Amino acid sequence: YLGNLINMGGVHAAFWLTLEPVAFMNDFAGKFDLLLMTLPLTFLPSLLAIIVAIWNTRKTILARNYWLCALVLSLIGLGLSAVYFIPMNNGFVAQSFTPEEARVNLEFWYNLHWVRVALSAVSCLFTLLAFKATVNAHHQIIPVLYTHLTLPTKESMEITVGVGYFNEKER
């Protein structure tokens with residue numbers, strides 16, 4: 001989802017800012033269905049994964065709290081989309097703005113879009129922290145494959161291969 005937002009802001013919106021307002025609204029209307037289709041395809045799996053992770057880490061307080069932070073930031077971004085971006089995008093598609101209004105609205109849209117990108121980026125950072133906290137909490141004892149070789153003496157030579165466990169703190 002974050003990559004999708006970066007692409008939208010860094011490629012499409014940056015290009016739209018170079019166009020005259022009417023040309024922008026024509027281009028936006030032509031691309032809107034394609035851009036709109038990608039957002040739920042990337043956002044919904046991310047949101048579902050965060051919700052499942054919150055459930056799975058409900059007994060691991062630190063990891064769960066990181067997942068909750070990721071969720072809150074994602075929901076704020078979703079709220080911005082519902083309250084501002086969807087109505088504004090529909091206005092651009094319908095060309096319901098004068099050229100002057102379209103320019104002002106696009107510039108504000110562009111700046112607010114980067115706020116949404118920042119929210120998504122910080123949410124991603126919280127997911128990385130949550131993964132780390134989850135791994136640290138649930139992998140205290142790690143199975144490892146080990147080999148043991150006793151150097152040969154006149155009496156014997158012993159080679160052992162097996163699976164053992166060691167505490168992560170002893171690494």
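Predicted model: local features only at pLDDT ≥ 70, side-chain atom pairs only at ≥ 80, totals over all residues.

**Fold.** Next I went through the elements. I found four helices and two strands, and from the N terminus they run α-α-α-α-β-β.

**Contacts and surface.** The accessible surface came to about 10600 Å², and carbon and sulfur atoms hold 70% of that.

**Largest pocket.** On to the empty space, where a probe the size of a water molecule, rolled over the atoms, shows what is left. The largest pocket has a volume of about 290 Å³. I listed 18 lining residues, and the closest to the pocket centre are Leu36, Leu39, Pro40, Ser81 and Arg116. Helices H1 (2-16), H2 (21-56), H3 (61-94) and H4 (99-138) each give two or more residues to this lining. Which helix gives the most to it? My tally says H2, with eight residues. By class, I noted 15 nonpolar residues, two polar and one charged.

**Second largest pocket.** This pocket holds about 240 Å³ of space. Its lining has 17 residues, with Ser46, Ile50, Ser74, Ser120 and Ser123 the closest to the centre. H2, H3 and H4 each supply at least two residues here, and the largest share, six residues, comes from H4. Sorting this lining by class gave me ten nonpolar, six polar and one charged.

**Phe32.** For my last entry I picked a residue of helix H2, Phe32. Is Phe32 buried or exposed? Its relative accessibility is 10%, so I wrote it down as buried. I also asked what Phe32 touches once its neighbours within four places in sequence are left aside. The contacts I found are Asn89, Asn90 and Val93. For Asn89 I checked the spacing too: Phe32 and Asn89 are 57 residues apart in sequence, yet their C-alpha atoms lie 8.1 Å apart in space.

Technical notes: Residues numbered from 1 in each chain as written. Heavy atoms only, no water. Areas by Shrake-Rupley, 256 points an atom, 1.4 Å probe, with all protein chains shown as cover. 1 Å grid on protein atoms, 1.4 Å probe; cavity = no way out; pocket = protein on both sides within 12 Å on 5 of 7 lines; lining within 4 Å. Points joined across faces, edges and corners; volume = space filled by probe spheres on them. Nonpolar A, V, L, I, M, F, W, Y, C, P; charged D, E, K, R; others polar. Buried < 20%, exposed > 50% of the residue type's maximum accessible area, 1.4 Å probe, protein only. Contact = heavy atoms within 4.5 Å.
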